[in-house]
Structures are given as structure tokens and as C-alpha cells.
Amino acid sequence: IYDFDVGARDYLNPELEYGSMTDKRDGRSYKTVTINGKTVMAENLNYGDYVAHSYLIDNSWCFNDDSMNCRKGGRLYTWTAAMDIDSKWQQAFVPAGIIKKPHQGICPEGWHIPTYTEWNDLLGSYSWEDLMAKGNPAWTDATNASGFSVLPAGVVNVKEYQIFRGEGEWAYFWHADEYFWQDDMNEKNALDCVVSNHQYGSSYGTAEKHLGMSVRCFQDTPEVP
């Protein structure tokens with residue numbers, strides 16, 4: 001992943017037409033793609049203004065603490081940092097009213113952290129190969145037919161001495177949902193989307209909120225008058 005050329009963006013699908021958006025907060029531009037009628041970022045979010053967003057402090061990282069890796073694979077955020085809420089909610093369920101629908105979180109204005117339903121609606125008709133960016137040695141069957149251009153940016157576990165792992169093999173994305181499933185509830189977990197090699201494919205699971213994962217922002221749907 002971190003051998004990709006940043007300027008060329010050679011992880012994108014050259015056969016598809018991409019749009020672009022600029023985050024007014026820091027001037028960074030991102031490629032976008034429309035999939036199943038929904039416009040989404042085709043790159044991982046890389047926003048890290050600790051002054052404007054204090055909840056990012058000690059809750060967001062570049063892989064291996066190398067700022068160049070943020071330029072290529074985006075930042076890794078805890079769930080609370082992605083949601084732009086206090087890290088105390090890593091240990092408890094968030095009270096009603098704090099999480100909006102849609103929830104902007106750390107995304108730019110007009111964009112939001114996707115829910116489980118949005119992830120499922122967007123990507124449910126695609127195979128894992130269709131989601132993965134081509135060119136990564138571990139993803140030899142990748143087609144990136146969707147244009148979503150998933151990069152295996154890895155994950156960080158700060159409770160295990162800030163261990164960075166999974167780079168080149170795994171991609172993890174946060175949902176805006178905590179973990180509620182019938183009588184099985186865990187206040188320390190949130191939902192996530194995992195994309196890996198052909199042995200595992202893509203799936204939806206749960207992860208502890210303190211883990212550092214990638215963020216893809218979805219564009220808000222304009223309200224119909």
C-alpha cells in the first residue's frame with residue numbers, strides 16, 4: 001500500500017470516472033466515486049487538526065507514526081475520534097441524542113460516517129475483489145470494479161503498546177453504529193467493515209472502540225423540499 005505513488009493515485013480504477021471534493025478545513029482533496037447512486041470517498045480520510053478537534057488527541061495515528069503513510073493510506077482513528085466525541089464513550093454506550101442521523105463526526109461538512117445499513121446498501125452487490133484496489137501483492141485477484149479502491153491500511157491497537165499491524169493485507173472501516181444485537185450487547189464495541197484477501201473476503205463485524213481504523217466518508221443526501 002505505502003509503495004503506491006501518491007500523486008498518480010495509481011490505486012484507482014482507470015476505466016471509471018471519478019469526481020473530487022476538497023475538505024475546506026485543510027484544503028486536502030479526495031477522489032470520489034458514485035456507487036449504487038451514492039457518492040462516497042474513494043480514498044481514506046486524512047484529517048488531523050488536533051486544535052479544532054481535541055478528541056483526536058491520542059486517538060488518531062499515521063501507520064507506524066510516519067506522516068507520509070497518512071498521505072497514502074489516510075489516518076487511523078478510534079471509533080470515538082471518528083465520531084468526534086469524547087473518548088470516555090470507548091467504555092460505555094453513547095446516550096441518545098449525541099449520535100446524529102446522519103452523523104458528521106470527523107468528516108467534512110456535507111459528509112458523514114456511514115451506518116451499517118449504508119455500507120450494506122452500497123457494497124452489498126459487490127464481491128470482495130470488486131472493492132479492492134489493484135496493485136497490492138496480497139490482493140492478486142483484485143478488480144476494483146466498484147471504484148471504491150480499498151487499500152489495506154492496517155489497524156493500530158494502542159492497548160498493546162501501540163502495535164501497528166495488518167498493513168498490506170487488511171482494511172478496516174468504522175461504522176457509525178455501536179454494537180447492539182438482540183440480547184448480546186457490548187458497550188466497548190462498535191460495528192466495522194473488514195476487507196481482506198480471498199480467504200476471508202469482505203464482512204461486517206465488531207471491534208473494540210479503542211482500535212485505530214480507517215474512515216470513509218459518505219456524502220449527505222440532499223433533503224427533498
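Buried residues are those under 20% relative accessible area. In this predicted model, buried residues make up 50% of the 225 residues in the protein chain.

**Overall form**

The protein chain contains four helices and twelve strands. Its C-alpha trace spans about 50 × 45 × 40 Å along the principal axes. The radius of gyration is 16 Å, which agrees with the value near 17 Å that a compact globule of 225 residues would have. Among contacts between residues at least 6 apart in sequence, 59% join residues at least 24 apart. The chain exposes about 10900 Å², and carbon and sulfur atoms supply 47% of that area.

**Cysteines**

A disulfide is a covalent bond between the sulfur atoms of two cysteines. The structure holds two disulfides, and with bonded cysteines counted along the chain their pattern is 1-2, 3-4. The table gives the sulfur distances of the pairs.

| Disulfide | S to S distance |
|---|---|
| Cys-62 and Cys-70 | 2.1 Å |
| Cys-107 and Cys-217 | 2.2 Å |

In the pair Cys-62 and Cys-70, both residues are buried. The torsion about their S-S bond is about -110°, so this disulfide is left-handed.

For Cys-107 and Cys-217, the torsion about the S-S bond is about -90°, and that disulfide is therefore left-handed. This pair links distant parts of the chain, its cysteines lying 110 residues apart. Cys-107 sits in the loop between α2 (79–83) and β6 (111–112), while Cys-217 sits in the loop between β11 (202–208) and β12 (218–219). Cys-107 has 0% relative accessibility and counts as buried; Cys-217, at 0% relative accessibility, counts as buried too.

Cys-193 is in no disulfide. The nearest cysteine sulfur to it belongs to Cys-217 and is 15 Å away. Cys-193 has a relative accessible area of 2%, so it is buried.

**Nonpolar cores**

In soluble globular proteins, nonpolar side chains tend to be buried together. Here the largest nonpolar core has 32 residues. Those that touch the most other members are Val-40, Trp-119, Leu-122, Trp-139, Phe-148, Val-150 and Val-195. Two or more residues of this core come from each of β2 (29–35), α3 (116–123), α4 (128–131), β9 (171–181) and β10 (184–195). The largest share, three residues, comes from α3.

Val-150 gives one example of the packing. Leaving out residues up to four places away in sequence, Val-150 touches Leu-131, Met-132, Ala-133, Trp-139, Ala-171, Phe-173, Val-195 and Arg-216. Of these partners, Trp-139 and Val-195 are themselves among the core residues that touch the most other members.

Within α3, the residues Trp-119, Leu-122 and Leu-123 are buried. These residues cover an arc of only 75° around the axis, which puts them on the same side of α3. Trp-119 and Leu-122 also belong to the group with the most contacts to other members of the largest core.

**Backbone features**

Lys-101 and Pro-102 are joined by a cis peptide bond, with omega about -5°. Pro-102 lies in the loop between α2 and β6. Cys-107 is found in the loop between α2 and β6 as well.

Asn-64 is not a glycine, yet has a positive phi of about 60°. This residue lies in the loop between β4 (60–61) and α1 (67–73). Its relative accessible area is 48%, so Asn-64 is partly exposed.

Asn-144 also has a positive phi without being a glycine, the value being near 55°. Asn-144 is in the loop between α4 and β7 (155–157). With a relative accessible area of 1%, Asn-144 is buried, whereas Asn-64 is partly exposed.

Note on methods. Residues numbered from 1 in each chain as written. Predicted model: local features only at pLDDT ≥ 70, side-chain atom pairs only at ≥ 80, totals over all residues. Heavy atoms only, no water. Disulfide = S-S within 2.5 Å. Buried < 20%, exposed > 50% of the residue type's maximum accessible area, 1.4 Å probe, protein only. Core = buried A, V, L, I, M, F, W, Y, C linked by side-chain atoms within 4.5 Å. Contact = heavy atoms within 4.5 Å. Arc of directions from axis to C-beta. Rg over C-alpha atoms; globule rule 2.2 N^0.38 Å. Areas by Shrake-Rupley, 256 points an atom, 1.4 Å probe, with all protein chains shown as cover.
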